[in-house]
Amino acid sequence: MKKEILVIDAQGGGVGRQLVSRLKAAFPEAYVAAVGTNSAASSNMLKGGADHAATGENAVVVACRTADLIVGPIGIVIADAMYGEITPKMAEAVGSARGRRILIPFQNCYNIIAGVDKPVTQLIEAAVVEAKKLLVEE
């Protein structure tokens, strides 16, 4: 069965683009969907190799229903995070989705994650390692 990985990002979608690119390389058989909170984020993730991209609150809600794995910055589960781009409805959809979540612990937008001081590339690589553990065991 083909796994569906959902990458969610906001602002410019730079982290999402890197995630999409690394996940596609690690799981070429998986369907990697990208949802951005804005069109710039969606477009950037599509450039990273996403199989499909969509934009906005409803796209997040709908995509969370079917994803086997949801990956993105920790802000995707915090209402009003990422300079207000994550709506309460988005955070709820991600948090209550049936799929597993891999959340990358970024320090952003008034949310401080104690002990996080790694470069973005190391955090993204750690997320891909966790995805391998989860998808291989299923």
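1. Helix α3 lies across β1, β2, β3 and β4, and runs at about 155° to β1; here axes are lines fitted to C-alpha atoms, for helices over the stretch in contact, with angles from 0 to 180 degrees between N-to-C directions. Helices (H or I, at least four residues) and strands (E, at least two) are DSSP runs, numbered from the N terminus. The buried residues of α3 (residues 57–66) are A59, V60, V61, A63 and C64, where buried means under 20% relative accessible area, exposed over 50% and partly exposed in between (1.4 Å probe, protein chains only). Their cover includes β1, β2, β3 (52–55), β4 and α5 (88–95), contact being heavy atoms within 4.5 Å.

2. This is a predicted model, in which local features need pLDDT of at least 70 and side-chain atom pairs count only at pLDDT 80 or more, whereas totals for chains, interfaces and linings use all residues. Residues are numbered from 1 along each chain as its sequence is written, and side-chain values use heavy atoms, with hydrogens and water left out.

3. The open sheet has five strands in the order β3-β2-β1-β4-β5, with parallel pairing; two strands pair if DSSP finds at least two bridges between them. The edge strands, each pairing on one side only, are β3 and β5, and the twist averages 20° from one strand to the next. Six bridges join β1 to β2, with A34 in β2 as the bridge partner of V7. Helix α1 also packs on the sheet, where α1 touches β1, β2, β4 and β5 and its direction makes about 160° with that of β1.

4. Strand β4 is largely enclosed by the rest of the structure, because five of its five residues are buried. β4 pairs with β1 over three bridges, I5 having L69 as its partner in β4, and with β5 over five bridges, where I102 is the partner of V71.
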